[in-house]
Amino acid sequence: MILVVGATSRVGKEAIPTLLAHGHTVRAMTRTPEKAETLRQLGAEVVQGDLRDPDSLARACTGVEKVLAAAHGFNPGQADNNPHTVDDVGNHNLIDAAKAAGVDHFVFISILDATPDSPMELIRIKYATEQYLKASGLSYTILRAAAFMEFWGAMVGEPILKNHKTTIFGSGNNPINFVSAADVAAFAVIALEEASARNQTINVGGPENLTLNQVAALFEKASGQPAKKSHVPLPMMRMMRVVVKPFNPMLSLQITGGIVMDTENQTCDMSATLQRYPVKLHHMAEVAQQMVESAN
Ligand SMILES: NC(=O)c1ccc[n+]([C@@H]2O[C@H](COP(=O)([O-])OP(=O)(O)OC[C@H]3O[C@@H](n4cnc5c(N)ncnc54)[C@H](OP(=O)(O)O)[C@@H]3O)[C@@H](O)[C@H]2O)c1
């Protein structure tokens, strides 16, 4: 039995159908079981659980051989569901519950270049969770994923497809590696199935590094029309991060994320990993095309 925490995430929704097709029994954990109805119809057992509730994790881990941890608390609008309560304390709870239940292997979705001194709290928390998992004694695979194409495609590209205009946070000139959530899911399946992936930390990036301005250009091309592009300058973002923090700390964290995306090294070279695990990576242009087709 494989437990997927974050079953309704972009990664969980892509990984679970493949795991079921490969003959695995899958338990899909979500806070809101109605959200996982499609996964239930495919054959997953859907259970209610919350990373902030250790008892629910003990129940979810019972009888489980492997865990895929693919949740996060970085979405807006949920003040008590945040990187501290979910990514930090919550994932520690999950690792403890997995160990207590005798889980054999634990796959954790982390972030590319996770370091203890990143300016972004979520990245520091991901790094600390990697360390906690390694020290737990569990067999593990850490997948350090790049920024998701589907998320950034929606942020930058959807307004282009809908209204022929978009807002880019910062200069938009920093090269960034984007990966499709489908490819992260493909690596998660490998990490759950292949013994060679045990006790490894693997970077999971996409096939190319693109600036946000290049992403916008891909969506303009896919839509067949030019778009008006506005930029929020970095000094304004630095000021906004401080001003909004007292009444909207999550927005402040997200603005910090935008600053990091525009200023820190975000590139990745996947050639060595692909020699070992030959996954056919999606390109941002394909994701843009899919978004055009689903908008029509
Ligand atoms: N998005 C990116 O650019 C990016 C980049 C690098 C790494 N990652 C990592 O990849 C993984 C998947 O991200 P995603 O973007 O695919 O996620 P997503 O679509 O934004 O979904 C978030 C998931 O987290 C779950 N969740 C939130 N709070 C929870 C809680 N308290 N207890 C249990 N589950 C909770 C949600 O489940 P319910 O709402 O169903 O309970 C949902 O399945 C995460 O670990 C994330 O940190 C993402």
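This is a predicted model: local features need pLDDT of at least 70, side-chain atom pairs count only at pLDDT 80 or more; totals for chains, interfaces and linings use all residues.
Q: What makes D113 partly exposed?
A: Count the neighbours: D113 has 18 C-beta neighbours inside 10 Å. Buried takes 20 or more and exposed takes 12 or fewer, so D113 counts as partly exposed. As for its place, D113 sits in the loop between β5 and α5 (121-135).

Q: Why is H164 called partly exposed?
A: H164 has 13 other C-beta atoms within 10 Å. The exposed class stops at 12 or fewer and the buried class begins at 20 or more, so H164 ends up as partly exposed. H164 belongs to the loop between α6 (149-163) and β8 (165-169), and its phi is also a positive value, near 60 degrees, in a residue other than glycine.

Q: Which residues is G170 in contact with, leaving aside its neighbours within four places in sequence?
A: Contact asks for C-beta atoms within 7 Å. By that test the partners of G170 are H231, V232, L234, M237, G258, I259 and D262. Take V232: it is 62 residues away from G170 along the chain, yet their C-alpha atoms are separated by 5.4 Å.

Q: Why are α6 and α8 called oblique to each other?
A: Look at the angle: α6 and helix α8 (residues 212-223) pack at about 40 degrees, with axes 9 Å apart. Roughly parallel means under 35 degrees and roughly perpendicular means 65 to 115, so α6 and α8 are oblique to each other. The crossing of α6 past α8 is right-handed.

Q: What makes up the contact of α6 with α8, by class?
A: Eight residues are nonpolar, two are polar and one is charged. On the α6 side they are W152, V156, G157, I160 and L161, and on the α8 side L212, V215, A216, F219, E220 and S223.

Q: Why do α8 and α12 count as oblique?
A: The axes of α8 and helix α12 (residues 284-295) come within 9 Å and cross at roughly 45 degrees. That value falls between the limits of 35 and 65 degrees, so α8 and α12 are oblique to each other. Here α8 passes α12 in a right-handed crossing.

Q: Which residues make the contact of α8 with α12?
A: From α8 come V215, L218, F219, A222 and S223, and from α12 come M284, A285, A288, Q289 and V292. By class, that contact has eight nonpolar, two polar and no charged residues.

Q: How many residues surround the ligand, and which are the closest?
A: There are 28 of them, and the closest are S9, R10, T30, R31 and H72. Elements giving two or more residues to the shell are α1 (10-21), α4 (83-100), β5 (105-111) and β7 (147-148). The largest share, three residues, comes from α1.

Q: What classes do the residues of the shell around the ligand divide into?
A: Twelve are nonpolar, eleven polar and five charged.

Notes: Residues are numbered from 1 along each chain as its sequence is written. A residue is near a molecule or strand if its C-beta atom, placed from the backbone, lies within 6 Å of it. Helices (H or I, at least four residues) and strands (E, at least two) are DSSP runs, numbered from the N terminus. Ala, Val, Leu, Ile, Met, Phe, Trp, Tyr, Cys and Pro count as nonpolar, Asp, Glu, Lys and Arg as charged, and the others, Gly among them, as polar. Axes are lines fitted to C-alpha atoms, for helices over the stretch in contact, and angles run from 0 to 180 degrees between N-to-C directions. Angles under 35 degrees count as roughly parallel, over 145 as roughly antiparallel, 65 to 115 as roughly perpendicular and the rest as oblique. A crossing is left-handed if the near helix is turned anticlockwise from the far one by less than a right angle, and right-handed if clockwise. Two residues are in contact if their C-beta atoms, placed from the backbone, lie within 7 Å.
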